Amino acid sequence: MDKFTGQKRAVQHLFPPIDPFDQRMLDVGEGHQIYMEQCGNPNGPAVVVLHGGPGGGCSPAMRRYFDPSVWRIILFDQRGCGRSRPHAAIRGNSTWHLVEDIERIRNTLGIEKWAVFGGSWGATLALIYAQTHPQSVAYLALRGVFLSMQRELDWFYGGGAGQFWPEQWQRFVSLIPEDERGDLIAAYNRRLFSGDMMVETRYARAWAAWENALASIESDGQGGDCPADYARAFARLENHYFVNRGFLEEDGQILKNMHRIAHIHGVIVQGRYDMICPPQSAYSLSARWPSGRLQMIKAAGHALSEPGISQELVRVMKSVGEHATKFGL
């Protein structure tokens with residue numbers, strides 16, 4: 001659950017803008033091609049960045065959380081979003097497809113082990129990928145933890161967050177007839193996949209606006225009007241994953257499988273006032289992760305671009321880069 005929303009005060013903590021030294025489309029099968037890029041030091045320790053959503057796409061600003069003289073930085077757009085094709089497609093698009101896409105990228109680039117950097121849904125995916133391929137991961141940097149649990153979906157789409165943002169919640173709910181409001185994810189699903197482009201776009205923008213309005217602690221409650229293409233991919237993919245409960249076998253699966261990655265070092269950077277992914281999930285995760293450290297940012301919400309979150313993530317990745325061999329990078 002995430003869209004990168006820029007905040008000017010966060011930029012001061014980031015490295016200067018950089019351009020990729022490698023850009024390509026990678027055929028991952030089932031009709032999907034994913035966009036991938038590399039930046040920074042081609043011979044440095046590698047880090048792969050997992051964007052949020054599902055469906056958010058990567059942003060050039062995401063390159064700037066790493067010292068480009070040190071890190072080999074890999075970004076990609078997950079299936080169906082950003083520059084990946086086909087756009088907004090859900091066929092052949094599940095958590096397990098994405099996990100294998102990440103591993104395919106690692107093998108394609110000849111990387112033995114890498115750091116995995118992900119926030120929101122990107123943190124979910126990072127954890128599932130690490131639990132599936134623990135031998136491939138040297139370090140985990142997570143932000144705004146989402147565990148794809150029913151209680152998290154109930155919070156955000158069942159009225160919990162709406163108690164703090166009643167005006168925005170009413171706008172989100174009002175588009176759905178009263179007799180369908182008991183399951184807003186299902187109600188939006190029917191409209192996001194109606195086959196009518198105008199209907200899909202209208203509901204996609206409403207879905208994205210509800211989330212974007214709550215992303216930052218400094219939000220004025222205006223979610224903004226996303227471009228139609230972005231909103232449609234973001235909303236359709238996110239809804240598709242949530243209807244399918246993240247394609248996990250059971251609720252709480254990530255927590256249950258933390259023993260598989262207990263040895264992997266990492267950090268959780270969590271906004272204390274995260275309205276999209278409340279801190280309970282980050283706290284529960286840290287309690288089961290002996291090699292992980294929880295860093296709660298006291299005056300921050302959910303967005304990657306929150307100044308305190310950006311500052312801490314840059315600091316952490318600078319330290320990890322300086323001690324790369326210690327982590328097996």
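R245 is found in the loop between helices α8 (228-243) and α9 (253-256), where helices (H or I, at least four residues) and strands (E, at least two) are DSSP runs, numbered from the N terminus. The model is predicted, so that local features need pLDDT of at least 70 and side-chain atom pairs count only at pLDDT 80 or more, while totals for chains, interfaces and linings use all residues. Residues are numbered from 1 along each chain as its sequence is written, and side-chain values use heavy atoms, with hydrogens and water left out.

The phi angle of R245 is positive, near 50°, in a residue other than glycine. R245 is partly exposed, with a relative accessible area of 32%; buried means under 20% relative accessible area, exposed over 50%, and partly exposed in between (1.4 Å probe, protein chains only). The loop between α8 and α9 also holds F247, whose phi is positive as well, near 60°. F247 has a relative accessible area of 22% and is partly exposed. Most residues other than glycine have a negative phi, and most peptide bonds are trans.

Two cis peptide bonds were examined in other loops. One runs from G53 to P54, with omega near 0°, and P54 is placed in the loop between β3 (46-50) and β4 (72-76). The other joins R85 and P86, with omega about 0°; P86 lies in the loop between β4 and α2 (95-108).

The strands include 8 that form an open sheet with mixed pairing, in the order β1-β2-β4-β3-β5-β6-β7-β8. Two strands pair if DSSP finds at least two bridges between them. Because β1 (22-29) and β8 (292-297) each have a single partner strand, they stand at the edges, and one side of each is left without a neighbour in the sheet. From one strand to the next, the twist averages 20°; axes are lines fitted to C-alpha atoms, for helices over the stretch in contact, and angles run from 0 to 180 degrees between N-to-C directions. The pairing of β1 with β2 (residues 32-40) is antiparallel and spans 7 bridges. In this part of the sheet, G29 stands opposite H32 of β2.

Helix α3 (residues 121-132) lies across β3, β5 (114-119) and β6 (137-143), and runs at about 155° to β6. Helix α11 (residues 307-322) packs on the sheet and touches β3, β5, β6, β7 (265-271) and β8. The direction of α11 makes about 150° with that of β8.

Conventions: Contact = heavy atoms within 4.5 Å.
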